[in-house]
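Dear colleague,

Please find the structure below, together with its sequence. A summary of the findings follows it.

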Amino acid sequence: MGIDNLWLPPGCKAGYLYGNGYDIYDLYDLGEFDQKGSVSTKWGTKEELLELGRRAEDAGIGLYWDAVLNHRAGADATERCAAVEVDQNVLTKPREIEAWLKYDFLGRGSKYSALKYRARHFSGVDYDAKANKSAIYKLEGKNWSESVDNEQGNDDYLICSNLDYSNPEVVEDVKNWGSWVVKEVPGLRGFRLDAVKHYSQTFTQQWVKHVKASCPDTDLFFVGEFWVNNTQKLVRFLSKMDPGFCLYDAPLLYNFSKISTALSAPPPLSSSKPRVTEHSHRVLRAISKLNGFVRSSQPETVDLSRVFENTLVEARPHNAVRQEHGIADSWSISEGTRTRYRLS
């Protein structure tokens, strides 16, 4: 098939029954425990996952794990704690809120990890059950990480229960999970790290080093999702990472998007003889000012030789990955199951 590795969807237990895994609840539940309404994750059971790994390994195909390390979702209970409401500034004085921050993992217990997450393990939440209000709340005594993107001033907070990577218990637990999952899942050869611009880069670098050192017999690949149309930011991030760490080339995707827009000229007014109207000339001239890819007023003449301008593949080709889509609708590859793989 010409496939070396499969990028799997997030395989940890989600916070909600039909969650796809980006609403992550428990790192250590790969579809093994009765939690959040099901033993299985959306993608299948742990045994189906392990079977997929074994069969892929036999075929010489590796697996890339989609790791969601920024937050947790679907807490088991609320906890009272002090917090301030924020946007890019502090909006209120500290007050008591009731936040969904207790993660007991009752179905798993202490298997694989004994840590139960509490308010001290997080820096922010997006809901106060006491006031029945959605907002961004920064917990009292906590600070946002400084080693994150600054697109919104500080991009530490993204969604749900925001993990605090200044807490040593969190750092240790997530590091341990990284080496555990490599050893647990046959054929696992790498990771896609979700939303790396939103949590501590210092921790990310420590995590990569730890996982590589604890799994010396596996040549692991790491790619981060740092979604921003700014190559300089991507290069700065990479300059502080392991030399082999990669990022998706978001600016390249934006360039292709601009080209596709330039090629989308208005339809011809006559079915017998296509023609470019004055309106389409005006549209194309406007597009050319925006993106610089159109060489003339004709919709079909786009300068593809410039598609790599200001992209990561131009600046750091060995660290650039083009965004692709690989979707497994089920772990299972056993005969007679509902497995579908779509790679495009």
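In helix α1 (residues 46–58), the buried residues are K46, L49, L50, L52, G53 and A56. Here buried means under 20% relative accessible area, exposed means over 50%, and partly exposed lies in between (1.4 Å probe, protein chains only). Seen down the axis of α1, these buried residues fall within an arc of 155°, so they line one face of the helix; the arc is that of the directions from the helix axis to the C-beta atoms. Helices (H or I, at least four residues) and strands (E, at least two) are DSSP runs, numbered from the N terminus.

Please note that this is a predicted model, in which local features need pLDDT of at least 70 and side-chain atom pairs count only at pLDDT 80 or more, while totals for chains, interfaces and linings use all residues. Residues are numbered from 1 along each chain as its sequence is written, and side-chain values use heavy atoms, with hydrogens and water left out.

Helix α1 has 13 residues and reaches 18 Å from its first C-alpha to its last, close to the 18 Å expected at 1.5 Å a residue (the expected span is 1.5 Å times one less than the number of residues). After α1 comes G60, whose phi is positive, near 75°.

Is each buried or partly exposed? F105 counts as buried, at 2% relative accessibility, whereas Y112 counts as partly exposed, at 30%.

The largest nonpolar core has 66 residues, of which W65, L69, W177, V181, F191 and W207 touch the most other members. Such a core is a set of buried Ala, Val, Leu, Ile, Met, Phe, Trp, Tyr and Cys residues joined through side-chain atoms within 4.5 Å. Helix α2 (residues 168–184) gives this core its largest share, seven residues. Apart from it lies another core of five residues, including W7, Y64, V223 and Y248.

Finally, six strands form an open, antiparallel sheet in the order β5-β10-β8-β9-β6-β7; two strands pair if DSSP finds at least two bridges between them. β5 (71–72) and β7 stand at the edges with a single partner strand each, so one side of each is left without a neighbour in the sheet. β5 pairs with β10 (residues 161–163) over two bridges, and H71 has N162 of β10 as its bridge partner.

Yours sincerely
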